[in-house]
Each structure stands twice: as structure tokens, then as C-alpha cells.
Amino acid sequence: MKERSCDGCAKCCEGWLQGEAYGHAFYNGRPCFFLNKTCSIYDTRPKDPCRSFKCSWLAEDIFPHWMKPDLVNVIITKRENLGFTYYAINEAGAVMEAKTLNWLVQWALNTNTNIQYCINGGVNKLGSQEFLRSPI
């Protein structure tokens, strides 16, 4: 199987996630200072968060190739919080398409996986009863 790579995708740097690179904060609505279509400091980017962050599409072989973040405008991140493991699914530049949401919901139901997804600013959860009741 072909190893996955960012290959021009920079959704994590476009201002849909939050972090800081060399003293420059990026967050929802504010892209990374060093983003110029792709990372302008790729070879010298900081370890945290730049080198250490991998979206779940890149880090795991669970999600189909067509769900690459720059193709579906969604960033999937595996998280652990309050004793729960879940996948946070964030829109990144457009409202999540029905095909993407349908695949994610079916996958979560079929694998008993906890997911938290946001559509148009609304937060939704799917998963175990404990996860659904949690304040995450």
C-alpha cells in the first residue's frame, strides 16, 4: 500500500486548528504566519505542533484516500480527553459534504467508535452512552 503524505495539503495550517509556530499564533480564522500555499519553513518548522501533528487521515490507514483533508475540507484528529478516545472532525473551509458525513457516521456505527463532528458551527457526538453524556 502506498504511504500517505501531505503532498501539498496544508489544511492544518490554514486557520482551522490552533497552535503557535515560532511565536506566531494560528487559530480559527487566522492561518499560520508561515503559510504561503504550503509551508514556507517546512524544513525548519518547529517540532511542536508542526512536526508532531498528523491528521488522522495521514497517521492512520482507516480513512479512504478520497477523504484527504484538502479534497473534502475536513480535518480528522484522534483525541483523548476525560478517559475517552474519540475522533474530532472539523470542517475546514466549507460545510461538510453529505458523502463525507455519511461515511464517517457509518464507520463510527460499524466500529463502535466515538466521534465528535461540527457542521456549520454546531457540535454533534456519536458513540457510547458514556461518551454522549460526557462534557467533551
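**Pockets and salt bridges**

D61 comes out as partly exposed, with a relative accessibility of 48%; on this scale, buried means under 20% relative accessible area, exposed means over 50%, and partly exposed is in between (1.4 Å probe, protein chains only). The model behind these values is predicted, so to speak of local features takes a pLDDT of at least 70 and side-chain atom pairs count only at pLDDT 80 or more, while totals for chains, interfaces and linings use all residues. Residues are numbered from 1 along each chain as its sequence is written, and side-chain values use heavy atoms, with hydrogens and water left out.

D61 has a partner: its side chain meets that of R4 in a salt bridge, at 3.4 Å from N to O. (The term stands for a side-chain nitrogen of Lys or Arg within 4 Å of a carboxyl oxygen of Asp or Glu.) This pair ties together distant parts of the chain, with R4 in the segment before β1 (19–21) and D61 in the loop between α2 and α3 (69–72), 57 residues apart. Helices (H or I, at least four residues) and strands (E, at least two) are DSSP runs, numbered from the N terminus. R4 itself is buried, at 12% relative accessible area.

The structure holds 2 salt bridges. K11 and E14 form one too, and their closest N and O atoms are 3.1 Å apart. Here K11 is buried at 9% relative accessibility, whereas E14 is partly exposed at 27%.

Next come the pockets. On a 1 Å grid over the protein atoms alone, where a 1.4 Å probe fits, a pocket is an open set of points with protein on both sides within 12 Å along at least five of seven lines, and lining residues have an atom within 4 Å of a point. Grid points are joined across faces, edges and corners, and a volume is the space filled by probe spheres set on the points.

The largest pocket has a volume of about 710 Å³. Its lining is made up of 31 residues, and C6, C12, C13, C50 and F53 lie nearest the centre. Two or more lining residues come from each of β4 (38–39), α1 (47–51) and α2 (56–59), and α1 gives the largest share, 3 residues. Sorted by class, the lining has 22 nonpolar, 3 polar and 6 charged residues. Ala, Val, Leu, Ile, Met, Phe, Trp, Tyr, Cys and Pro count as nonpolar, Asp, Glu, Lys and Arg as charged, and the others, Gly among them, as polar.

The second largest pocket holds about 190 Å³ of space. Among the residues lining it are W16, R79 and Q116, and the lining splits into 2 nonpolar, 4 polar and 2 charged residues.
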